[in-house]
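I opened this structure to look up a few things and wrote down each one as I went.

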Amino acid sequence: MKLLHPASWHDYELLDSGNFEKLERFGKYVLIRPEPQALWSRSLADEVWKKTAHAKFVREQTDKFRFTDDVKGGWSKDPAMPESWNVQYNYNGLRLTLRLALTGFGHVGVFPEQGSNWNFIYDTLTQWQLQRPRVLNLFAYTGAASVVARSAGADVTHCDASRPGLNWASQNMQMNGLQDIRWVYEDAFKFVKREVKRGNKYNGVIMDPPPYGRGPEGEKWTLQEQLDELLALSSALLEKKNHFHILSMYAAGLSPIVGLNVAKSHFPEMREPEYGEFFLKSAQGKDLPMGTFLRFRS
């Protein structure tokens, strides 16, 4: 079991965490955001947090331990803090530009811990040197992984149930001088079912499913109820050779072994999988867990 953090990302830094919040630097700007797993006390004084931060998201709810999709709250920010800005991510030959923004959900358009997966995607595709391998990115959000795969020469299908997320991903593609990512506005579960029926195959499948969610037509998604079937379906989409699969899960309480055991049921050819926990390395020594991962390649 591995513990991984995005060591390649110099435009991101976890400055401190505690009291159910985190203090983060994204490029030039420092934000305070809610964090349900930061059960400990802060290392830095409250005055340092207030003086350092350019913006803070306050979530109005009584339960600090579990966030729901019914978000009430908003940002308070300095007048000089922009609504959106760009950050850079560099790794070997990868030069990635991403647009960030202050959203009504307290997100900024990127999950920093995913940097380790971006490296994995880029290394895998560039080492294969295949002629336009096919990659499917499910629950694809603002498309950082899609842009990485496209930068490495892949034909990319990007599927997400959020229209604003697709528009944001398209902006990220264009900022990186790329084109021809296929955008699919649909419930990921329904799309995978149809792809299996059509007999389509991919060299890579990436998925970062939420603990719960809704599709464009109100389709209900619950990770613990549907993960097994989703992986069963995705196993039918992978090419026999030159394939990779990435599963990320940000669901409090789920062990990395959960993802490993589900995958073992549906990928009998899986060899030497990497699995474990993502974390954000803290400047104050209190590292922050950010969900689990499972990935393998052949």
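This is a predicted model: local features need pLDDT of at least 70, side-chain atom pairs count only at pLDDT 80 or more; totals for chains, interfaces and linings use all residues.

**Entry 1: aspartate 16**

I looked up aspartate 16 and found it in strand S2, residues 12-18. Residues are numbered from 1 along each chain as its sequence is written, and side-chain values use heavy atoms, with hydrogens and water left out.

Is aspartate 16 buried or exposed? I found it buried, where buried means under 20% relative accessible area, exposed over 50%, and partly exposed in between (1.4 Å probe, protein chains only). Aspartate 16 has no salt bridge; that term needs a side-chain nitrogen of Lys or Arg within 4 Å of a carboxyl oxygen of Asp or Glu. The nearest side chain of opposite charge is lysine 286, 5.8 Å away. For charge, Lys and Arg count as positive, Asp and Glu as negative, and His and the chain ends are not counted.

I did find a polar contact of 3.0 Å between the side chains of aspartate 16 and tryptophan 49. A polar contact is a pair of N or O atoms within 3.5 Å; within protein, one must be able to donate a hydrogen and the other to accept it, and residues adjacent in sequence count only if both atoms are side-chain atoms. Leaving out residues up to four places away in sequence, I listed what aspartate 16 touches, including Lys22, Arg42, Trp49 and Gln284. Contact means heavy atoms within 4.5 Å.

**Entry 2: salt bridges**

I read off 13 salt bridges in the structure. One joins lysine 22 and glutamate 35, with the closest N and O atoms 3.1 Å apart. Lysine 22 lies in strand S3 and glutamate 35 in the loop between S4 and helix H1 (46-52), so this pair ties together parts that are 13 residues apart in sequence. Lysine 22 counts as buried because its relative accessibility is 5%, and glutamate 35 counts as buried at 2%.

I also noted glutamate 24 with arginine 33, at 2.7 Å between the closest N and O atoms. Glutamate 24 is buried at 0% relative accessibility, and arginine 33 is buried at 7%.

Glutamate 83 and lysine 77 meet in a salt bridge of 3.6 Å, N to O. Here glutamate 83 is partly exposed at 48%, and lysine 77 is partly exposed at 32%. Last, I found Glu21, Arg42, Asp46 and Lys56 linked in a network of salt bridges.

**Entry 3: the two domains**

Which domains does the assignment give? I wrote down domain 1 (7-80) and domain 2 (85-297); the bounds come from an automatic or database domain assignment. Their centres, taken over C-alpha atoms, are 24 Å apart. I counted 34 residues of domain 1 in contact with 31 residues of domain 2.

The area buried between them is about 2,600 Å², and carbon and sulfur atoms give 63% of it. Buried area is the accessible area (1.4 Å probe) that two parts lose on being put together, summed over both. I found zero salt bridges between domain 1 and domain 2, but twelve residue pairs in polar contact, both at pLDDT 80 or more. S2 gives six residues, the largest share of the side of domain 1 that touches domain 2.

How values were computed: Helices (H or I, at least four residues) and strands (E, at least two) are DSSP runs, numbered from the N terminus.
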